[in-house]
Amino acid sequence: MAEESQLTSEPERQAGHGVMDSVDASPLRRFVVAKRLITSIFDQLLDFVKDGSAFVDEAWRGDDPGQVAVEEQSLELQSCATKLWTIKEVLVRRHMKVAFFGRTSNGKSTVINAMLRDRVLPSGIGHTTNCFLRVEGTDADEAYLTTEASSDRRSVTTVNQLAHALHMVPTLDSGSLVKVMWPKSRCALLRDDLVLMDSPGTDVTLELDSWIDKFCLDADVFVLVGNAESTLMNTEKLFFHKVSERISKPNIFILHNRWDASVSEPEYIEEVRKQHLDRCVSFLAEELKVVSLDEAPGRIFFVSAKEVLSSRMQRAQGMPETGETGGALAEGFHERLREFQMFERTFEEFISQSAVKTKFEQHTVTAWQITEAIKAVMDAINIASANRKICCLEEREDQRDRLDFVRGQINRLTANVKERIKTLSDDVSAKVATALTDQIRSLPILVEEFRADFNPTQETLELYKTKLLQHVEERLVVGLSHRCSAAVLRDITEIRRHMIDSVAPLLSPSVHDQLSAPCASFDLTYDLGLVALCADFHENIEFQFSLGWTALVARFIGASNAKRALGAAGDTRLQETSSFKDDVVISIATGLSSVSSRASVTVMVIGGVVWRSVGWRLLAVSLSLYGLLYLYEKVTWTDGSRERALKQQFVEHAARRLRAVVPAAGSACSQQVHKELASTFSRLAQRVDLSEAELEGSIRQLSFRIQRLENIQRRSKAFRNRATELETQLEAFSIQYLQEV
């Protein structure tokens, strides 16, 4: 409408009529700006809800067993996103829509053409509009039309082409819709998302209900185009009664077209105008009750659309406004032009306010509800995260205290167990040493108990000695086991039980379930190694007269020393390795034997001296007794005597060797006990290490969980703040565009 002042002719200004179109910016821009603003808000809101939905979905589907979001919240945000996407698509298609209705030939198409300042729709006498024509702007340079049945664009340049194109579609009827896309560059009114809907006459069909359902429910303003030469007809009233039933208080304007015809009867103009005005006021305020009695006159206008269209087209072409009806020279033209301009201005204000309210108010409420729902979800997640974080903090503190306790207890227990193991090991060593000493004392009995075939042959002797060694070692081991094993096993079991009972409270449930009862199968091994100890045993079972020189030397210095002295006089190596005491004794005996062997003659001399001193009878008796004793011993030197000699020699040799290894045997058993208990405690300590590792892992997991919960809290607060910011924008939009001034 801003172009109207520029198109006003110079003669009009000179005439001083002041007939000018609005110099202010078009009120229709209000809708365009509001649409752009609410679309921007919904774009932000949709992105926000998408981000929020991803956040809630992440919080819900996380691996954390303590979920802070639930599936219902995720589904709720997905539902919000779907709603917003639908609304956004609707907003793109939103526009201001004005629908023109009236009887046939009342000039509906002419009124639209006058508003568009061009002959866009076909008009004339008779039924020129046979279907609904929807006129809206396009950014294209050429006009075109589309039908419901086909999306193909049909190019139209002039009104005649449009009329021809409409008549070329045989399927069009009064309930069909044709979209006429007119270049915005050729019509300023269509630049502001305005859609003009032309209709067939309300008197050409009875399908008014389908018209309303199909074309009128989204209309912001209805314009009833009447004929000033006749009053409102029932068909027109019936239609708007049906509209009022479907739409709460529709915005209705009534145009009495062809008011220029009243010029022929100037004396009746005011009277006729008052009659039309009263009837229309009564219809709007009392019958339809869409406005009050005071507001109704502002919705009724008396115009001549044909005059305005002709004037505007001539002005646009720079021609004088003669027009078909005289143009600016026609009587009352300026008043009718001013009335049409007033209608346009009022219509624009009403449709802008109405369209913003009807098209955006419900969406604004929905957006507000969505932000409130999101805030509630984020508050719930924030509270759940805070509560969960408190639980995790408390649990982590308990786990840390537990870890410190376990570490302190295991250190104290380790020192205590080591002390007990050392004490038991020393006790076992003493017990085994004492028992082995007692067993050595009973060695003659053990050897005497041995029974086996004895034969002085070399092979039989070796077998006999082998069996003897096995027998003695087995009996020694049995004796030691009887004396020590039961007590040692009892002590070991007690310490094991003490270790397990002490360690069990330090273990985690999962590790504790794997803890088994102490094994009682420990056997103390007594490895005396008697075979190795007696490997150097060499028996002497040759006959030896008890009063012989060798026997006497043996009694004097010992059997082993006598053997060395008598049999190793020339062995310098043996003499070098003997001890000082043994060397003295052996040297004396060796000297005596050497003297006797070198002085046999001396013996005979001594014998002769004795012979002379005591007499030959006593000497003979002595020699006889000596010989008889020798003969007796020689006769009684049987295999049994040899076996007894071997056993006696073995006992002496084995006893001497075993006494030397008593400390080692005790130490070996002590080491077995120490190793067994140490390995048992080591396994238990490994269990404790596993429990500590679980505690450390649990603490790390709790720390990670706390960090994640804090992050969720921060993000939920950020989402809530964003929701509040969007609510602020919605509130500002509502105050600016939706609240009543």
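Analyst: Two strands are said to pair if DSSP finds at least two bridges between them. This is a predicted model, and in it Val135 has Val180 in S5 as its bridge partner.

User: What makes strand S2 and strand S5 a pair?

Analyst: Strand S2 (residues 132-138) and strand S5 (residues 177-183) are joined over seven bridges in the parallel sense; because at least two bridges are required, the two strands count as paired. They belong to an open sheet of nine strands with mixed pairing, in the order S4-S3-S5-S2-S6-S1-S7-S8-S9.

User: Why are strand S4 and strand S9 called edge strands?

Analyst: Strand S4 (154-155) and strand S9 (300-302) each pair on one side only.

User: Where does Ser352 lie, and why is Ser352 called buried?

Analyst: Ser352 is part of helix H11 (residues 333-441). The relative accessible area of Ser352 is 1%, and since buried means under 20%, Ser352 is therefore classed as buried. Leaving aside residues up to four places away in sequence, Ser352 touches Pro27, Leu28, Arg30, Phe31 and Met96.

Terms used:
Residues numbered from 1 in each chain as written. Predicted model: local features only at pLDDT ≥ 70, side-chain atom pairs only at ≥ 80, totals over all residues. Heavy atoms only, no water. Helix = DSSP H or I, 4+ residues; strand = E, 2+ residues; numbered from the N terminus. Buried < 20%, exposed > 50% of the residue type's maximum accessible area, 1.4 Å probe, protein only. Contact = heavy atoms within 4.5 Å.
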